[in-house]
Amino acid sequence: MGSGREKYYLVSYLREKTADAKRNGRKNYSFATKFCHYACINFYKGKTEADNFPIIDNVVKTAFPKYAADIVKRIVFDNYETFVENIDKVRAHYNNCISRNGFDHLMWYANK
(Lines give C-alpha, C1' and ligand atoms only; values in the text may rest on other atoms or scores of the structure.)
Protein backbone atom coordinates (compact mmCIF):
# COMPACT_ATOMS: atom_id res chain seq x y z
CA MET A 1 0.00 0.00 0.00
CA GLY A 2 3.03 2.25 -0.01
CA SER A 3 4.46 4.71 2.51
CA GLY A 4 5.79 1.99 4.84
CA ARG A 5 2.43 0.39 5.56
CA GLU A 6 2.02 -3.33 5.45
CA LYS A 7 0.84 -4.77 2.15
CA TYR A 8 -2.51 -6.02 3.46
CA TYR A 9 -3.35 -3.16 5.79
CA LEU A 10 -7.07 -3.25 5.00
CA VAL A 11 -7.40 -6.88 6.14
CA SER A 12 -5.56 -6.02 9.37
CA TYR A 13 -7.77 -3.01 9.95
CA LEU A 14 -11.06 -4.82 9.27
CA ARG A 15 -10.14 -7.80 11.43
CA GLU A 16 -9.47 -5.69 14.54
CA LYS A 17 -11.66 -6.42 17.53
CA THR A 18 -14.93 -4.51 17.40
CA ALA A 19 -15.69 -2.02 20.12
CA ASP A 20 -18.82 -3.17 21.91
CA ALA A 21 -19.52 -1.78 25.38
CA LYS A 22 -22.12 -4.44 26.25
CA ARG A 23 -20.07 -7.42 25.08
CA ASN A 24 -16.42 -8.29 24.70
CA GLY A 25 -16.47 -7.48 20.99
CA ARG A 26 -15.29 -9.86 18.32
CA LYS A 27 -12.73 -10.22 15.57
CA ASN A 28 -13.98 -10.64 12.02
CA TYR A 29 -10.98 -12.14 10.20
CA SER A 30 -13.00 -14.26 7.79
CA PHE A 31 -15.26 -11.30 6.96
CA ALA A 32 -12.21 -9.05 6.43
CA THR A 33 -10.66 -11.43 3.90
CA LYS A 34 -13.97 -12.01 2.12
CA PHE A 35 -14.74 -8.29 1.95
CA CYS A 36 -11.32 -7.50 0.48
CA HIS A 37 -11.54 -10.47 -1.89
CA TYR A 38 -14.90 -9.52 -3.39
CA ALA A 39 -14.22 -5.76 -3.35
CA CYS A 40 -11.01 -6.36 -5.32
CA ILE A 41 -12.71 -8.68 -7.79
CA ASN A 42 -15.38 -6.08 -8.51
CA PHE A 43 -13.21 -2.96 -8.34
CA TYR A 44 -10.44 -4.38 -10.54
CA LYS A 45 -12.64 -6.50 -12.80
CA GLY A 46 -10.61 -7.84 -15.71
CA LYS A 47 -7.24 -6.77 -14.26
CA THR A 48 -4.60 -8.86 -12.49
CA GLU A 49 -5.17 -6.87 -9.28
CA ALA A 50 -8.58 -8.50 -8.99
CA ASP A 51 -6.81 -11.60 -7.66
CA ASN A 52 -4.99 -9.88 -4.76
CA PHE A 53 -6.91 -11.25 -1.76
CA PRO A 54 -7.49 -14.95 -1.07
CA ILE A 55 -10.14 -15.88 1.49
CA ILE A 56 -9.46 -17.40 4.89
CA ASP A 57 -12.38 -19.16 6.55
CA ASN A 58 -12.89 -22.43 8.41
CA VAL A 59 -13.20 -24.45 5.20
CA VAL A 60 -9.91 -23.07 3.88
CA LYS A 61 -8.21 -23.60 7.24
CA THR A 62 -9.23 -27.25 7.11
CA ALA A 63 -8.53 -27.81 3.40
CA PHE A 64 -5.34 -25.84 2.76
CA PRO A 65 -3.00 -28.15 4.73
CA LYS A 66 -4.05 -31.03 2.43
CA TYR A 67 -2.88 -29.10 -0.64
CA ALA A 68 0.21 -27.59 0.98
CA ALA A 69 1.56 -30.56 2.94
CA ASP A 70 4.63 -31.24 0.78
CA ILE A 71 5.14 -27.64 -0.37
CA VAL A 72 4.82 -25.34 2.64
CA LYS A 73 6.87 -26.09 5.74
CA ARG A 74 4.82 -24.06 8.23
CA ILE A 75 1.23 -23.07 7.56
CA VAL A 76 0.25 -19.78 9.17
CA PHE A 77 -3.27 -18.41 9.09
CA ASP A 78 -3.03 -15.56 11.62
CA ASN A 79 -0.54 -13.56 9.53
CA TYR A 80 -2.37 -12.73 6.32
CA GLU A 81 0.71 -11.76 4.32
CA THR A 82 2.40 -15.06 5.20
CA PHE A 83 -0.78 -16.95 4.31
CA VAL A 84 -0.88 -15.27 0.88
CA GLU A 85 2.80 -16.19 0.38
CA ASN A 86 1.96 -19.80 1.26
CA ILE A 87 -0.95 -19.83 -1.21
CA ASP A 88 1.41 -18.49 -3.87
CA LYS A 89 4.02 -21.18 -3.07
CA VAL A 90 1.42 -23.87 -3.70
CA ARG A 91 0.27 -22.15 -6.88
CA ALA A 92 3.90 -21.78 -8.06
CA HIS A 93 4.48 -25.47 -7.40
CA TYR A 94 1.82 -26.11 -10.03
CA ASN A 95 3.23 -23.47 -12.41
CA ASN A 96 0.64 -20.85 -11.39
CA CYS A 97 -1.95 -22.64 -13.51
CA ILE A 98 -4.71 -21.46 -11.15
CA SER A 99 -5.50 -18.02 -9.77
CA ARG A 100 -5.84 -17.29 -6.05
CA ASN A 101 -9.58 -16.98 -6.63
CA GLY A 102 -9.68 -20.29 -8.47
CA PHE A 103 -7.66 -21.96 -5.72
CA ASP A 104 -10.08 -20.58 -3.10
CA HIS A 105 -12.98 -22.06 -5.04
CA LEU A 106 -11.21 -25.37 -5.50
CA MET A 107 -10.54 -25.70 -1.76
CA TRP A 108 -14.02 -24.53 -0.79
CA TYR A 109 -16.12 -26.61 -3.19
CA ALA A 110 -13.99 -29.75 -2.92
CA ASN A 111 -14.03 -29.67 0.87
CA LYS A 112 -17.40 -28.20 1.84
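Y44 counts as partly exposed in this predicted model, because its relative accessibility is 28%, a value in between the 20% under which a residue is called buried and the 50% over which a residue is called exposed. This residue lies in the loop between α2 and α3, the latter spanning residues 58–68. If residues up to four places away in sequence are not counted, Y44 touches E49 and A50.

Which residues of α2 are buried? They are Y29, A32, T33, C36, H37 and C40, and because they cover an arc of only 125 degrees around the axis, they lie on the same side of α2.

Helix α5 can now be followed to two of its other contacts. Two packed helices are described by the angle between their axes and the distance between the axes. For α3 and α5, the axes come within 9 Å and cross at roughly 105 degrees, and these two helices are therefore roughly perpendicular to each other, since angles of 65 to 115 degrees are classed in that way. On the α3 side the contact is made by V59, V60, A63, F64, K66 and Y67, and on the α5 side by F103, L106, M107, W108, A110 and N111.

The packing of α4 with α5 has an angle of about 90 degrees, with the axes 11 Å apart, which makes α4 roughly perpendicular to α5. Here V84, I87, D88, V90 and R91 of α4 meet R100, F103 and M107 of α5, and the residues of the contact divide into five nonpolar, no polar and three charged.

M107 is named in the contact of α5 with α3 and also in that of α5 with α4. Is M107 buried or exposed? M107 counts as buried, because its relative accessibility is 0%. Leaving out residues up to four places away in sequence, M107 touches V59, V60, A63, F64, Y67 and I87. The C-alpha atoms of M107 and H93, which are 14 residues apart along the chain, are separated by 16 Å.

Conventions:
Residues are numbered from 1 along each chain as its sequence is written. This is a predicted model: local features need pLDDT of at least 70, side-chain atom pairs count only at pLDDT 80 or more; totals for chains, interfaces and linings use all residues. Side-chain values use heavy atoms; hydrogens and water are left out. Buried means under 20% relative accessible area, exposed over 50%, partly exposed in between (1.4 Å probe, protein chains only). Helices (H or I, at least four residues) and strands (E, at least two) are DSSP runs, numbered from the N terminus. The arc is that of the directions from the helix axis to the C-beta atoms. Contact means heavy atoms within 4.5 Å. Axes are lines fitted to C-alpha atoms, for helices over the stretch in contact, and angles run from 0 to 180 degrees between N-to-C directions. Angles under 35 degrees count as roughly parallel, over 145 as roughly antiparallel, 65 to 115 as roughly perpendicular and the rest as oblique. Ala, Val, Leu, Ile, Met, Phe, Trp, Tyr, Cys and Pro count as nonpolar, Asp, Glu, Lys and Arg as charged, and the others, Gly among them, as polar.
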